[in-house]
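Have a look at the model first, then read on.

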Amino acid sequence: MWIILKIDKKKFNLLKQDFKKRIGEDVTFYKPKMKISTYFKNKLVNKEVDILGDYVFCFSESFNEKKIFSSIKFSKGLKYF
């Protein structure tokens with residue numbers, strides 16, 4: 001089951017570690033990015049920008065159980081889901 005998470009971008013790695021610890025290793029995160037090339041002071045600058053901003057898709061089979069949501073509700077880096 002897929003869920004949509006609103007995250008703190010600076011704490012995304014903490015969130016991934018915390019989810020893997022609480023749920024298991026079968027958690028998949030989808031955070032699409034877009035590569036942008038611009039010129040700044042006559043130099044080509046490449047940037048990667050998150051398309052969804054501070055939202056992330058997360059998939060796990062264990063999200064079908066309602067008990068899981070109460071355990072991940074207060075994870076570090078998670079604003080809400």
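## Ground rules

A quick definition to start: contact means heavy atoms within 4.5 Å. This is a predicted model, where local features need pLDDT of at least 70 and side-chain atom pairs count only at pLDDT 80 or more, while totals for chains, interfaces and linings use all residues. Residues are numbered from 1 along each chain as its sequence is written, and side-chain values use heavy atoms, with hydrogens and water left out.

With that in hand, take phenylalanine 63. Not counting residues up to four places away in sequence, Phe63 touches Met1, Ile3, Phe19, Ile23, Cys58, Ile68, Phe69 and Ile72.

## The sheet

Two strands pair if DSSP finds at least two bridges between them.

Strand S1 (residues 2–7) pairs with S6 in the antiparallel sense over two bridges. Along that pairing, isoleucine 7 stands opposite leucine 78, and lysine 6 stands opposite tyrosine 80. S1 is also joined to S5 by five bridges, again antiparallel, with isoleucine 3 opposite cysteine 58.

## Helix and core

What goes into a core? A nonpolar core is a set of buried Ala, Val, Leu, Ile, Met, Phe, Trp, Tyr and Cys residues joined through side-chain atoms within 4.5 Å. Buried means under 20% relative accessible area, exposed over 50%, and partly exposed in between (1.4 Å probe, protein chains only). The largest core has 16 residues, and Leu5, Phe19, Phe29, Cys58 and Phe63 touch the most other members. S1, H1, S5 and helix H2 (67–72) are the elements that give two or more residues to this core.

Serine 75 sits in the loop between H2 and S6. Is serine 75 buried or exposed? At 5% relative accessibility, Ser75 counts as buried. Leaving aside neighbours within four places in sequence, Ser75 is in contact with Leu15, Asp18, Phe19 and Arg22.

## Aromatic pairs

Rings of Phe, Tyr and Trp (its six-membered ring) pair if their centres lie within 6.5 Å; planes under 30 degrees apart count as stacked, over 60 as edge-to-face and the rest as tilted. Searching the whole structure turns up seven aromatic pairs. One of them is phenylalanine 12 with phenylalanine 29, edge-to-face at 5.7 Å centre to centre, with 80 degrees between the planes. This pair links distant parts of the chain, with Phe12 in helix H1 and Phe29 in strand S2, 17 residues apart. Both Phe12 and Phe29 are buried.

Phenylalanine 69 and phenylalanine 81, on the other hand, are stacked, at 5.4 Å centre to centre and 20 degrees between the planes. They also link distant parts of the chain: Phe69 is in helix H2 and Phe81 in the segment after S6, twelve residues apart. Phe81 counts as partly exposed, at 36% relative accessibility. Trp2, Tyr30, Phe57 and Phe59 form one aromatic cluster.

Strands S3 and S4 run antiparallel and are joined by eight bridges, with phenylalanine 40 opposite lysine 43 in S4. Lysine 41 lies in the loop between S3 (33–40) and S4 (43–50), and asparagine 42 is in that loop too.

Most residues other than glycine have a negative phi. Lys41, though not a glycine, has a positive phi of about 55 degrees, and Asn42, not a glycine either, has a positive phi of about 60 degrees. Lys41 is exposed, with a relative accessible area of 69%, and Asn42 is exposed at 79%.

Key:
Helix = DSSP H or I, 4+ residues; strand = E, 2+ residues; numbered from the N terminus.
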